[in-house]
Each structure stands twice: as structure tokens, then as C-alpha cells.
Amino acid sequence: MLAFLTRRVLGMTIVLAVMSFVVFMLIGLMPGDPIDIMIASNPELTPADGERLKRLHGLDLPLWERYRNWLGVALSGDLGFSRTYNRPVLDILLPRLGNTVILLGLSSLAAIAIAIPLGVIAATRPQSPVDGAINLFCFAGISVPPFWLALIFILLFAVTLGWLPAGGMGAPDACLFARLEFLVLPVATLTIASLAGYTRFARSAMIEVLRQDYIRTARAKGLGPARTVFGHGLRNAMLPLTTIIALDFGSLFSGALITETMFGYLGMGKLIYDSILGNDFNLALVGLLLATLVVLIGNFLADIAYAVLDPRISFRALEAA
Amino acid sequence: MSSIAPLTGAAQSEPPLFWLRLRRSRAALVSAVILIIITSLALLAPVIEFLLGVDATRVDLFNQYAAPDSTHWLGTDEAGRDVFVRLLYGGRISLLVGLVAALGAAVIGTTIGLFAGYHGGWLDTVLMRTTDGVIALPLLPLLIVLAAIDLSKLGIPEAIANSEMASLYRIVFIIAIVGWTTVARLVRAATLSVRTREFVRAAEAMGASSAKIMLRHILPNVVSPIIVATTLSIGVVILLESVLSFLGLGIQPPIPSWGNMLTNAQELATRAPALAIWPGTVIFVTVMAFNFLGDGLQDALDPRSVRR
């Protein structure tokens, strides 16, 4: 167990280190230098002041040395300030992270809660019209551009029918319940984006499981169809599904970025997007790293769920994998 | 499995069997027809533009948001340009990006998959851990960063970096360098099983170089998963292109793409909802057709797959 944890934490650290280096280098290639922007917006600063400021902040050094300096300061616990908000980046990121976690959590739960029954229904009636309809729905779900789906939802439910707000968050101090109406459309968009993939995997995993000998044994000993499918089938079919859902966290976050931007939902995806476009490089960098960390922790939790669901898998087996 | 029967048998019956299997999938056939129609229309865009007597690039502020009529089949947009002909020109860009970026990703993925699967050992471990790492990343924010970097800071000449087509080259490139993971995994898996077959052993015994074995003996036997994965990834690429262009980071106007035609759609949603509906519908239908085609090809190309 301890060896497993050590291995995973080490792996995550490597991914984060590589990611921070790559993103730092890429951000160094972005147009618009923060000091140049500062000079452009303040007529009292001369280009000579700009040079001095750059030297003061170490911005005249080569990228590689700037990364080393940044890493040293970051590892000592100082992740720096946001240029546009003038506040420590974590103060801005953490509340946004909370909002994103609410959005992601609700839509993953909804997607899983709908995908499993749909997958089971399709798998127990292969080639039937119901299976065909679910299959068509799945293909539609993986083919629809998520931002366009959000646009259609806004057109239909906010503009035409006027049932729900087109975007925003509600009063900042309101409780989650009061903000519910602002969550409906974003959660629905994100749910549909991941639902289709989950349903297809649930169906194929279930079909695979239903062909196994222990299912025939269960039927032969007189177990009813419901108990065979749910008692013996589903638990085994959940295993490959857990892996798929774990691998999907990254694209789920990408989906959150689109959804948050479309609905003006103040989450981390929108913050990262805005900070990249607004030349707030430090905020973008730390935001991207935090998003990566969240995704990696999601993967890690899914691995643990896998071991809990499958008594045959011990942590020792995970260590070997 | 005997070593002779499947070789001769499969080699002779594969083409007709493939077509028989593909024909059985109605969805794949319908999709192929739809894709042929969309592609032909896009290729014929200048001809159709001429026949209709419109100019897709001409801004006409006295004819904004015109309703569909016999000249402007789908009406005009916020700048008075013809929506239908712009959709066709946008299709050229979106399909081109989809095709080229998917092929680029397939080349990268195939190379990585072949090396990992054939050489095994530490190379396999490093390549596959990297692949897993890339799959797990939140890719869209990374793509946004890649789309926002200043090409001239990379040492690319200003003339190219600031040219109108730069956004096209850039999006093809950045999608290809993140989109290879599926192909790499599939090719590696297929390579692992082909590697142990007798003809590979024979080639090794005769002293063929590893490059020759990978290209001449393994690659032809792993073509099926490459074709399927590439077809499916064209759809994914078109979706990625559309979202990046929609966010203003992909194909830059005035070049139309299905994605950037939607850029202003959100603000204009109340005034001209049709402007939001048409480009999105075309993206949706095209991506769905590529997905159905890929699915049908998978069933047709993989003899072990049972319709279930």
C-alpha cells in the first residue's frame, strides 16, 4: 500500500514537473510582455525604466534560467501574483476551483447515473430497436460540438422559452440551492458531452460480461434476470467503466472550460482561458498546473475505486501494473 | 492456428469480404454518401458561387440578416455575406484541417506505436507512459496556449508568421501533435501481436534490419486499426478546430471555417438564430458521418469483430 502510494505520488510529481516546464516555455513564447504592457499603459514610464524593471524581475534572463528561478520560488510556497487581479494567484484560483468541482461533480454523477441504465438496457437487448435508438443517441452525443450544444440550449431554454437564465452565477453569497437554476444548463451541456461515451462503454462492457460462464451459472441456478444482470453482471462491468471514466477526467475539464466560457460560469476553465487571452501569465501557468493536479488526483481516486470494486485486485497488483 | 491456411485464405478473400461487410452497415454507407456530397459541394464552392451570382467575400452592410431567397439560399450574415456559399468555403477549410491534421496525427502515432510495440523494453515503457500522460492531460487549455503563442518568437520568419494562412498551418500542426495518442495505442497493440508471427521471425532470421521489418512486414499488417482510428479522429479534429476557431484562436477571419462562422453567433442569438444553427448543424452532421463511417470500417476490417 505504501509502495503504491509512493509510486503514484512520484508519477504525479513527474507529470507536474514536465507540465510546468512545457507550459512555462510556451508562455514565454506568447505575444505581449507584461512589462511592455505596463509601459504602454503608463505614459510616465520610459523604455529605460522598462529595461530596469525587466532586470529587477529577472525578465532579461534566458527562459531556462527564468524557469529555474520560478521553480525555486514556487517550491518554497510562493506561487506569485496575478497581473490583472493584483492578488496572490491561489486566492483567485481556489474559489474558482470550488465552482468547477461543483460543475464537474454534478455532471459526472448525472452522466454515470444515466449511462449505466442506458448501457444495461442496450446490452440486454442487442440489435433491438431500443438498442439502435440508444446507439444513435450515443453517436449524436459524441459528434455534437459542445459549445454549439450550449448555444442551442441558450437559444431554446433562455431566449425562446425564457425558463432558465442564459448564463451567470447568481448572487455570490447565495447558497448552492439558490444558484441551482444557473447550474441547470451548464450541467446539462457537460453531462451530454460525456454521457454518450460512457453509455457506449457501459454497453460493450456489459455485453462482454453477460457472455461469461458465471452469468450462465447464475441463470442455471435459477436466479431471475434482474438479479443476474445487476447482482452478477453490473459489478463486473463497472470495472472497465471505472478505467474509462478515470481516463476521461482530462477531457471533462476541457469540456468544463467550454461550458464555463459559454455560460459565463465563474469556474477555473473560464479563468484559465481569460488569463491566457489577458496576458496574465502567472495566473495561466498556476491555473493549468492546478487543473492538471485535479485531473491526476481524479485518476488516482479512480484507481483506488477500481481496487475497492474488484476484490481480485489488491494494491500489490496495482503496484505491479 | 495453422500457419498456412489463414495466410492464403485471407489474402484472396479480403477485398470482396471487406466490401460485403461494409455494405452490410447501412449507417456507414449513408455516412459515406453524405460525406461525398459535402466534400463535392465544398470543392465546387467557386462554381456554385458563380452560378448563384454571389460573392462570398463581399461585405454588404445594406443587406444584413437577409432572409433566404433564390440568390441567398440561407440568407446573409451580420456583414451581409451569403451564408450558404460561406458555409461551402468554410467546409473546404474545416475538412482540409480535419483530413491533414488527422493524417499528421496518424503518422506520429503509427511511428510511436511501431517503435514501442516492436522494440519493447524501456523504449516501450517510456513511450507508453508518455502516451498515458498526454491522454490524461486537460488538452483544451494546452491547445489554447499553443494557439496563442507568437510564431515569430519561435524564429519563424515574420512573412510566414503573420500571413493569412499561418492560422491554418498552426492549427493543423498543434492538433496533430496532441492527437496521436489513440493511433499510437492501437498500433502498439497490433504490433505486439504481429511481432510474434512466423514471417517476422523469418525476416529477423534472414538478418533484415529493424527498420525494414517495421516498414515492410509489420506496417502492412497493422493498417486496419490505423484506417479506423484515422477516420474516427477526423471527426475529433473537426470538433477541435471548430471550438478553437469559435474561441477566436483557430482559423482567423476573413478565411471562413465552420467554427469561426459561429464566433459572433452567441451575441446575435436573439437577432439571427439561423446564423448559429446552420454552421453547427453542418459540423454535427459531418462529424457524425465520420464516426459512423469509422465504426462501419472497424466492423468491416476486423474479421474477429462480431456484430453484437
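This is a predicted model: local features need pLDDT of at least 70, side-chain atom pairs count only at pLDDT 80 or more; totals for chains, interfaces and linings use all residues.
Let me start with chain B. How many helices and strands does chain B have? Well, there are 13 helices and 0 strands, so if you walk along the sequence you just get α after α, thirteen times over. Of its 308 residues, 41% count as buried. And if you take the contacts in chain B between residues at least 6 apart in sequence, 70% of them join residues at least 24 apart.

Now the inside. The largest nonpolar core has 152 residues. Those with the most contacts inside it come from both chains: A:Leu151, A:Ala202 and A:Ile272, plus B:Leu143 and B:Val237. Let's zoom in on that last one. Setting aside neighbours within four places in sequence, B:Val237 is in contact with B:Val97, B:Gly98, B:Ala101, B:Ala102, B:Ile175 and B:Gly179.

Next, where the chains meet. Chain A and chain B put in 36 residues each. On the chain B side, α5 (121-136), α6 (139-148), α12 (223-246) and α13 (273-301) each supply at least two residues. Which helix gives the largest share? That's α13(B), with 9 residues. By class, this side of chain B is 26 nonpolar, 7 polar and 3 charged.

Over to chain A, and one helix pair there. The axes of α5 (residues 89-124) and α12 (residues 268-277) come within 7 Å, crossing at roughly 130°. So α5(A) is oblique to α12(A). Who's touching whom? From α5(A) you have A:Leu93, A:Arg96, A:Leu97 and A:Thr100, and they meet A:Met268, A:Gly269 and A:Leu271 of α12(A). That contact has 4 nonpolar, 2 polar and 1 charged residues.

A:Gln127 is not a glycine, yet it has a positive phi of about 70°. You'll find A:Gln127 in the loop between α5 and α6 (129-143).

A:Asn279 is in the loop between α12 and α13 (281-309) of chain A.

Notes: Residues are numbered from 1 along each chain as its sequence is written. Chains are lettered from A and ligands numbered from 1 in the order in which they are written. A nonpolar core is a set of buried Ala, Val, Leu, Ile, Met, Phe, Trp, Tyr and Cys residues joined through C-beta atoms within 7 Å. A residue is buried if 20 or more other C-beta atoms lie within 10 Å of its own, exposed if 12 or fewer, and partly exposed in between; C-beta atoms are placed from the backbone. Two residues are in contact if their C-beta atoms, placed from the backbone, lie within 7 Å. Helices (H or I, at least four residues) and strands (E, at least two) are DSSP runs, numbered from the N terminus. Ala, Val, Leu, Ile, Met, Phe, Trp, Tyr, Cys and Pro count as nonpolar, Asp, Glu, Lys and Arg as charged, and the others, Gly among them, as polar. Axes are lines fitted to C-alpha atoms, for helices over the stretch in contact, and angles run from 0 to 180 degrees between N-to-C directions. Angles under 35 degrees count as roughly parallel, over 145 as roughly antiparallel, 65 to 115 as roughly perpendicular and the rest as oblique.
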